[in-house]
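Please look at the sequence and the structure shown below, and then read the notes that follow, which move from single residues to the meeting of two chains.

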Amino acid sequence: MAEKIHTKGKSSIKRSRFIKYFLTYLFMLLLSLVIIYPLLITVMTAFKNSDVVAFTLSFQGPWTLKNFQDLFMTTLYGKWYWNTLVISVATMVIQVAVVTLAGYTYSRYSFAGKKWSLTFFLVVQMVPTMAALTAFYVLGMLLNGLDHYWFLTLIYIGGGIPMNTWLMKGYFDTVPYDFDESAKLDGAGNFTIFWKIVMPLVKPMIAVQALWAFMGPFGDFMTARYLLREESNLTVAVGLQQFISDPKDQQVALFAAGAILIALPICALFFYLQKYFVTGLTAGGAKG
Amino acid sequence: MKKSPNQALGLSIIPGLGQFYNGQKLKAGLFFGAFLIFVVEMIFFGWSALTGLITLGTVPMEDHSMFLMVKGTLQLLILVIFIMFYVLNLRDARQTAKQINEGHKIPVSFSEMRESLGTNGFPYLLTMPAYLLMIFTIILPVLVTLFMAFTNYDFNHIPPAQLIDWNGLENFKNMFFLSTYRATFGAVFSWTLIWTMCATTLQIVLGIFVAVVAHQDFIKFKRIFGIIFLLPWAVPAFVTILSFSNIFNDSAGAINVQVIPFLNHIFFTHIPSIDWMTDPFWTKVALIMIQGWLGFPYIYVLVTGILQSISDDLYEAATIDGATALQKFNNITLPAIFSVAAPTFVTQYTFNFNNFSIIYLFNNGGPGDVGGGAGNSDILISWIYKLTTNTTPQYGLASAVTIIISAIVIGVSLLVFKKTNAFKMEG
């Protein structure tokens, strides 16, 4: 009798465990499907004939690379891509340099106005970029910066400074002060401590900052659309939207091919640096 | 020799004199030089810039009101910086005199000053580029926008052909009391709130749920699932949003052509095609679902990190005490998540409140029209964009809406940050 109950309990545990396993995997598979399906549609469409109308998943040929060829031969896509690369690299280099210096300072030094300016950074980063759009335009007219990359680049750099300085400071804070102290005892100067001792330890966060700064201009639509007018001066985000913005003449295949060429390198960088920014995120997030 | 701090302070009313009194000749020269530069700047540029800001120009075609406003705002910033320098100068004279009296050695020569600057001025030197960039790309433009909200800058007043005038609170009055704008503002604002609440809550709940489910020990292929779940974050958002706007196309999109027929086929239902792009209700539903898709990976990554940091002992102790799975989740897991991630959650809400890309790129704020140039799915930020880019731009009104938005976002964020004690101001 007692034994019977025991086996019965065992099988019910087994069954409930089976249900748990089943539901878990079912959920994860369904979610994967929902994530992959729309992405796969875009990837597939890129290799379809350019007269394709329906934006659906189909594994039927004919397959072609003509869209990619058209992209560079008949549209300004190559130019747009180059424009965006120039802006992205400039933004990345300058922003990372500026933010690293500022973040280091806020982490390591105490000086008059520190607390006040940190709060100021926090408030400033909450103001939406949109708030300044018309002002950017007028400023651009005044400084002859409309349709010029230096102006757009400056705006991208400046806009990222407050939030990224906060993140950078949070990460610098995780490097123990003892390192600085012992280096100072050994006679190292300010610069040596910064460059030789602390910098190597925050490389992961710098990699993340670089990635985000680099990705910014690729993803920004609003500011670029507002400040760049000449067709050949556009960034790739604004240009790509033009392929499908006219409801009567949507070139979905061309769009899909262009989308892939943007998404692939960024995805690759993203997954390459993933482990860094996951730690950066939780370290920074935990501390604030 | 004893110095009188008060006399040093008094002399510093003209910057440099107090420092001279303290025996710091070089510093005195520098301070006085900075003072002179400011006075000269004020005479040749500053004064006219400030009066320009007040009048906003008097002669059409000759005075460009907006340029005058930008220059005047810049001059205001210069003035503020000078005042900060001035206060610093007063304090410095007093402090140095005190230090002399207390027997401290003060830097006098060039090499001494350089050394002193190396330690005390180093922080300012390092943060200088950040401040300069922020002044020109954030502070100046935001101030100009703030001023614009109190002017009549619109399609009837385009400089340099016409002048712009200050019109006080007119724009704010129009927004709340002029019937057309009031109706539009009400409609857009309430959808903005619904959108922010639904979309953000969906992405947070989904993110937490996925993290908790995927964190279970028995799961195989964790790495592969991990990569798949990150894809929506890794692919640039504008690419996916544009793709989704094709996928939800009423006549040619995958949802109506492929997904709905497929579901009908399996479940023997008869769901008809849905007007995703032309029916306001369904556009809104689609937008919220897409934002859930786009936004959950970030939360998932964050929460997974937190879950890994919770000690197993807690769960074991709870199990011994006979806690159910749900009790463990409510009393151990959730509090741990919120204690770390609450500030991030708030930023997600404020992010969606201003999530321009998805609204604009998915259906251009459409379909239809709720007056004032706004479409049915327009949120405040995309309405502002339309107000400034359509054929009859309303820059003043747009700036007024911007100010209201910014005030809401900053107010709510600060309140929550203060409550959750995030962003601790240590050191």
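## A buried serine

A:Ser107 counts as buried because its relative accessibility is 3%, where buried means under 20% relative accessible area, exposed means over 50% and partly exposed lies in between, computed with a 1.4 Å probe on protein chains only. This residue belongs to helix α3 (residues 77–108) of chain A; helices are DSSP runs of H or I with at least four residues, strands are runs of E with at least two, and both are numbered from the N terminus.

Apart from neighbours within four places in sequence, A:Ser107 is in contact (heavy atoms within 4.5 Å) with A:Lys169, A:Phe172, A:Asp173 and A:Tyr177. The side chains of A:Ser107 and A:Arg108 are also joined by a polar contact of 3.0 Å. Such a contact is a pair of N or O atoms within 3.5 Å; within protein, one must be able to donate a hydrogen and the other to accept it, and residues adjacent in sequence count only if both atoms are side-chain atoms.

## How the model is read

This is a predicted model, in which local features need pLDDT of at least 70 and side-chain atom pairs count only at pLDDT 80 or more, while totals for chains, interfaces and linings use all residues. Residues are numbered from 1 along each chain as its sequence is written, chains are lettered from A and ligands numbered from 1 in the order in which they are written, and side-chain values use heavy atoms, leaving out hydrogens and water.

Most residues other than glycine have a negative phi. A:Asp147 counts as buried because its relative accessibility is 18%.

B:Asn364, also not a glycine, has a positive phi of about 55° and is placed in the loop between α14 (356–363) and α15 of chain B. With a relative accessible area of 41%, B:Asn364 is partly exposed.

## Where the chains meet

How many residues of chain A are in contact with chain B? There are 95 of them, and they touch 93 residues of chain B. The two chains bury about 8,300 Å² between them, 80% of it on carbon and sulfur atoms; buried area is the accessible area (1.4 Å probe) that two parts lose on being put together, summed over both. Helix α1 (residues 2–46) of chain A gives the largest share of the side of chain A that touches chain B, with 17 residues.
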